[in-house]
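Here are my notes for your first look at this model. Please keep the viewer open and check each point as you read.

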Amino acid sequence: MVNYLDEYRKAVYSGKICAGRKIKQALKRDERDLKNKNLPYYYNNEKAEQAINFIEILPTTSGEPLKLELFQKWLIAELFGWRKKSDDTRRFSEAFISFSRKNGKSFLMSCVADLYLLVENRPKMGREILFLANSFKQAKISFDMFAHGLQYLAKESPTIRSRLKINNAEVFDKESNSHAIAMASKLQNLDGYKSDLAIIDEYALAKDNSIKDVIKTGQVNSDNALLTVISTSGNNLNSPMFHDYEFASRVLKNEVQADDLFIAIYEQDYKNEVMKSLDNSKLLEKSNPLLSNAERSRVMLPKLLNSIKLASEQDN
């Protein structure tokens, strides 16, 4: 059985994967927690592998067999492997994940939602999944990927097919009386929702933290709820995402404790690394972890480098 916490740490520390300071801090945090037997949490590698194996049953958006990258396996292992000693529910109730565009963040969260709908059993009945973004169109991106995965499973399995009812913006699992829905993140939309899993996409565009506050209030009675913020960073230093980023940075430095908050921030360590990448393109892996895949890098990297060259010529 593969331990993807160890595998990813080895790949980063050896330089096989080029990762930034905050990812290395997250790995150090893992090491501290794994050694600290007094924590009310433990790492269950079997649970982590079960989650990863289920996700790899799903297809990609193009219909090809899915093979998660090592960084994606690490993210899933963190979210589903860490458990509370008291009742074996998941450790993390909130996740803050950030990396550059076109690195599969929406797709990864759609896979987590598939897992939550069909595999998670806390609560056993009535699980609720919310796909949220500033616009309904954006929320539908992850939701449509989620529904696509379910449609594939339904086609392959008569049992799954009999369980599911898939509509344009809502999916029902009749066996567990659970459902998933996509919506724009407006306060009036959230009235009455408890959300066992809430995914906020492109949080950098949010104007305040009211949506997060409402979601957390709705999740207060759930011992297995997860609120996930997944977004590319923005340029508004007054945004709630930036304030969350600053707090997450302090957690990674071990300045404050937030044991139920998972953090994965993929970013360049220095501004001038962007220009340095013209000579050493591997540096861009720090903010674009999908570049560790040779095939994806072949497609993505020339476009990224051309954008950097053009921006440099325009003094942007």
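1. Arg250 is partly exposed, at a relative accessible area of 40%. Arg250 belongs to helix α9, residues 240-252. Helices (DSSP H or I, at least four residues) and strands (DSSP E, at least two) are numbered from the N terminus.

2. What does Arg250 touch, leaving aside its neighbours within four places in sequence? The partners are Glu255 and Val256. Contact here means heavy atoms within 4.5 Å. Ala204 is 46 residues away from Arg250 in sequence. In space, the two C-alpha atoms are 19 Å apart.

3. A word on the source. The model is predicted: local features need pLDDT of at least 70, side-chain atom pairs count only at pLDDT 80 or more, and totals for chains, interfaces and linings use all residues. Residues are numbered from 1 along each chain as its sequence is written, and side-chain values use heavy atoms, with hydrogens and water left out.

4. Now the whole chain. The protein chain has eleven helices and ten strands. Its radius of gyration is 19 Å, close to the 20 Å that the globule rule gives for 316 residues, so the chain is as compact as a globular protein of that length. That radius is taken over C-alpha atoms, and the rule is 2.2 Å times the number of residues to the power 0.38. Along the principal axes, the C-alpha atoms fill a box of roughly 55 × 45 × 40 Å.

5. How much of the chain is buried? Of its 316 residues, 53% are. Take the contacts in the chain with a separation of 6 or more: 72% of them join residues 24 or more positions apart.

6. Look at helix α4 next. Eleven of its twelve residues are buried, so α4 is largely enclosed by the rest of the structure. Among the buried ones are Phe71, Trp74, Leu75 and Phe80. Charged Lys73 is in the list too.

7. Where does the Lys73 side chain find a partner? Lys73 and Glu56 form a salt bridge, 3.9 Å from N to O. Lys73 is in α4 (residues 70-81) and Glu56 is in the loop between α3 (45-55) and α4, so the pair ties together parts 17 residues apart in sequence. A salt bridge is a side-chain nitrogen of Lys or Arg within 4 Å of a carboxyl oxygen of Asp or Glu. Lys73 is buried, at 7% relative accessible area. Glu56 is partly exposed, at 22%.

8. By this rule the chain has 20 salt bridges. Another one joins Lys105 and Asp201, at 3.0 Å from N to O. This pair links distant parts of the chain: Lys105 in helix α5 (residues 105-118) and Asp201 in strand β8 (residues 197-201), 96 residues apart. Both Lys105 and Asp201 are buried.

9. Finally, return to α9. Asp244 and Lys212 meet in a salt bridge of 2.8 Å, N to O. Asp244 lies in α9 and Lys212 in helix α8 (residues 210-218), 32 residues apart. Lys212 is buried, at 6% relative accessible area.

Methods: Buried means under 20% relative accessible area, exposed over 50%, partly exposed in between (1.4 Å probe, protein chains only).
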